Amino acid sequence: MREVTYLDFVSELEVGVFDTHAHLYDTRFTEEGRTPESILERAKLSGVDSILIPSDSVETSRLSVDYVKTHDGKSNVNLYCAIGVHPHEAKDFCDDSSEYLRNNLSISSRKASKIQALGEIGLDYHYDFSPRDVQREVFRKQLLIAYEAKIPIILHEREATGDCLEILQEFYKNGNMYVNPGVCHCCSMSKEASEILLKMGFYLGFDGPLTFKNNHKTSEVLINTPLDRIVIETDSPYLTPEPNRGIMNEPAHVGYVLKKIAELKKIDLNPAALQMRKNSLNLYEIEQEER
């Protein structure tokens with residue numbers, strides 16, 4: 001593994017950092033010899049004490065749940081998960097998928113499994129791995145499931161802003177959206193589009209691309225977003241932030257996103273960390289845990 005730069009400001013942090021989006025079950029980790037124990041230990045040494053693991057299919061939903069059951073609390077890191085079907089996998093969505101989601105989003109099941117959200121769900125017109133009409137249909141079905149289960153969503157949107165906002169606004173105006181609608185993961189929308197999400201009650205998630213040079217669009221959106229509507233993510237094993245761009249990402253790097261947010265918002269690191277943690281707990285409706 002290439003030598004990695006780790007946070008030199010961990011000792012300054014007065015509160016644990018929450019990585020709200022990391023695909024820790026991804027086989028890329030094991031292929032590089034990164035065990036769950038080593039990932040969580042590096043996360044803890046980098047100031048991270050909470051991680052949420054999202055899903056992209058029924059299969060990975062099961063993996064997310066199992067990962068939390070097996071590794072929650074290791075290295076004193078709190079683990080949570082989300083279940084759902086990503087737009088890439090929408091073509092495989094069926095009645096069994098709906099049944100799985102509904103059964104596991106019952107209050108008793110999600111409490112036992114620490115399921116805090118439905119996601120990732122949404123639209124992705126960049127790759128079109130699933131037909132666009134199928135993506136929209138499956139997105140609608142899962143939005144309804146989230147509303148009925150009273151649980152926030154993790155929204156994935158890529159090059160589909162118009163259709164995505166149209167569907168969300170339809171649910172919002174018809175009163176079929178949960179009061180805490182969720183988060184726009186790795187927000188890449190325009191300033192104007194992100195403002196529409198904020199008005200509906202969404203949080204915006206920011207990760208590695210925020211730290212990339214010349215990414216002025218994302219920086220503008222971040223600056224325009226109220227501090228109490230921002231959460232931080234890694235999207236591990238993807239989107240590694242500077243200064244480690246080019247290698248595999250993991251939760252230990254999320255502090256660089258936090259640092260960039262503090263710089264752009266022109267506030268000190270600890271107030272930013274405290275607010276990001278509060279936002280994460282509010283988004284995922286988690287009572288404060290201490291380890």
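Reader: What order do the strands of the open sheet have?

Author: Keep in mind that this is a predicted model. The sheet is open, has eight strands and shows parallel pairing. Reading across, the order is S1-S2-S3-S4-S5-S6-S7-S8.

Reader: Which strands stand at the edges of the sheet?

Author: Look for strands with a single partner strand, so that one side is left without a neighbour in the sheet.

Reader: By how much are neighbouring strands turned against each other on average?

Author: Ignore direction here and just take the average over neighbouring strands of this sheet.

Reader: Which residue in S8 does Gly-205 stand opposite?

Author: S7 covers residues 203-206 and pairs with S8 in the parallel sense, over three bridges. Within S8, the residue opposite Gly-205 is Val-231.

Reader: What angle does the direction of H10 make with that of S8?

Author: H10 spans residues 255-265 and packs on the sheet, where it touches S1, S7 and S8. Its direction and that of S8 make an angle of about 150°.

Reader: And H2, which strands does it lie across?

Author: H2 takes in residues 36-45 and runs at about 130° to S2. The strands it lies across are S2 (48-53) and S3 (78-83).

Reader: On to the pockets. Which element gives the largest share of the lining of the largest pocket?

Author: That pocket holds about 660 Å³ of space and is lined by 22 residues. Strands S4 (115-124) and S5 (153-158) are the elements that give two or more residues to the lining. The largest share, three residues, comes from S5.

Reader: Which residues lie nearest the centre of the largest pocket, and how many of its lining residues are charged?

Author: Nearest the centre you'll find His-86, His-88, His-156, Arg-158 and Asp-235. By class, the lining has seven nonpolar and six polar residues, and the charged ones number nine.

How values were computed
Residues numbered from 1 in each chain as written. Predicted model: local features only at pLDDT ≥ 70, side-chain atom pairs only at ≥ 80, totals over all residues. Heavy atoms only, no water. 1 Å grid on protein atoms, 1.4 Å probe; cavity = no way out; pocket = protein on both sides within 12 Å on 5 of 7 lines; lining within 4 Å. Points joined across faces, edges and corners; volume = space filled by probe spheres on them. Helix = DSSP H or I, 4+ residues; strand = E, 2+ residues; numbered from the N terminus. Nonpolar A, V, L, I, M, F, W, Y, C, P; charged D, E, K, R; others polar. Pairing = 2+ DSSP bridges. Axes fitted to C-alpha atoms, helices over the stretch in contact; angles between N-to-C directions. Contact = heavy atoms within 4.5 Å.
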